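Here are my notes on this one, jotted down as I went through it. Have the viewer open while you read.

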Amino acid sequence: MIGEYGTKYYYGDYGEGKGGTPATSSQQQTQEEMNSWPLWEVFIRSKQGLDHKHVGSLHAADAQMAMENARDVYTRRNEGISIWVVESKYIHASNPDDAGSLYDPANDKAYRHPTFYNLPDEVKHM
Amino acid sequence: MNQLIQYTLHLADNALIMGHRNSEWCGHGPALEQDIALSNISLDLLGQARNFYQYAASLINQSSPSQEATEDTLAYLRDAHEFYNCLLTELPNGDWAQTILKQFFFSTYQYHLYQQLQQHSDEQLKAIAAKALKEVTYHVRWSSEWVIRLGDGTEESKRRMLQAIDQVWMFTGELTDASDYEKKMRIDFDLLQQQWNTTVTKIFEEASLPLPVKSNWHQAGGKKGIHTEHLGFILAEMQFLQRAYPNSQW
């Protein structure tokens, strides 16, 4: 199915020198994009009080269609009570190559974790 | 056969045949997402059909205890002339535009009809309609957006919509043309027709599609069991297994 709509780009799907955006240089790719529906990311809130969680992606021509496709594809088995959709191109992802400098420094800083506090039983969803 | 039974079968047959037609798109939709959308609608309609058939079966068994009707015997063991669905529901799917347009006309009809049925004096019909109305509300939304998208889309999508209107429009009159048994059901068909027209006019305007001129003639017969040649083929495929291997299960 995906092949019909051109290349699918996941977050962090960095190609050589593309910087996360699909290359549009070649004639063929431009044609493909014209014929394709953009990709949307879907977030579902499963119940009141919980946050929206990323559940997957889909193709749709516009936001309205994306919302309905999300409803049909991702909430058929009572998975949700609220849907967010956002066009994938508006999501900026961190570059996996930067993982070392971004995340490793936090490794040895245990004092930043709130594990030294006792959490009262009444606090839910932490 | 009393009128309530016939009417319940008519409602069931509408849903079953429309649902079956939609199921033919399963695995063939223009996009994965739309394939799932239409299959969902198909399953919704099948669910409605089951509810109506179960009720019809209980009515039949009450009125003549010698019979043992079930939802399955009603769906699988009646012949074409015993089906009371509107002709619109049995029409071939054609292309995506024709499928969408059929669905839009049908769902709009179901929507306004179920609005009335959920106030009906018959408790069962009332309950089934109230439950189904939520599903149908979504079907109307989904199909009207497609009508607008195709009608107001590209040159080709518009051409296909116009072609679909030519093919399908003559079958819409039957929806709100009350048959003898419907007349006994205390449903306001004038109101139904008026509401159907209003919805269709509004969506066609948004889709910049021309509304066909009103005509006093339309295709009819389905509600009385007189069908197009298409229904026979649908039933042949749908009923084959039960007829060839009675009571088989899996």
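**Notes on strands and interface**

1. Start with Leu39(A), which sits opposite His59(A) in strand S2(A). Keep in mind that this is a predicted model. The two strands involved, S1(A) and S2(A), are antiparallel and paired over six bridges.

2. S1(A) has another partner too: six bridges tie it to S3(A), residues 82-87, again in the antiparallel sense. If you want a landmark there, take Trp40(A), whose bridge partner in S3(A) is Glu87(A).

3. Is S1(A) mostly covered or mostly open? Mostly covered: S1(A) spans residues 39-45, and six of its seven residues are buried. As a reminder when you look at any such strand, side chains in a regular one alternate between the two faces of the sheet.

4. Now for the interface. On chain A, 16 residues are in contact with 15 residues of chain B. Together the chains bury about 1,400 Å², with 50% of that on carbon and sulfur atoms.

5. What holds charges together across the two chains? Two salt bridges are counted between chain A and chain B. One of them joins the side chains of Glu68(A) and Arg141(B), at 2.9 Å from N to O. Eight residue pairs across the interface are in polar contact.

6. Which elements supply the chain A side? Strand S2 (53-59) and helix H2 (63-74) each give at least two residues, and H2(A) has the largest share, with eight. By class, that side of chain A has seven nonpolar, three polar and six charged residues.

Conventions: Residues numbered from 1 in each chain as written. Chains lettered and ligands numbered in written order. Predicted model: local features only at pLDDT ≥ 70, side-chain atom pairs only at ≥ 80, totals over all residues. Heavy atoms only, no water. Contact = heavy atoms within 4.5 Å. Buried area = accessible area lost by both parts, 1.4 Å probe. Salt bridge = Lys/Arg side-chain N within 4 Å of Asp/Glu carboxyl O. Polar contact = N/O pair within 3.5 Å; in protein donor to acceptor, adjacent residues only side chain to side chain. Helix = DSSP H or I, 4+ residues; strand = E, 2+ residues; numbered from the N terminus. Nonpolar A, V, L, I, M, F, W, Y, C, P; charged D, E, K, R; others polar. Buried < 20%, exposed > 50% of the residue type's maximum accessible area, 1.4 Å probe, protein only. Pairing = 2+ DSSP bridges.
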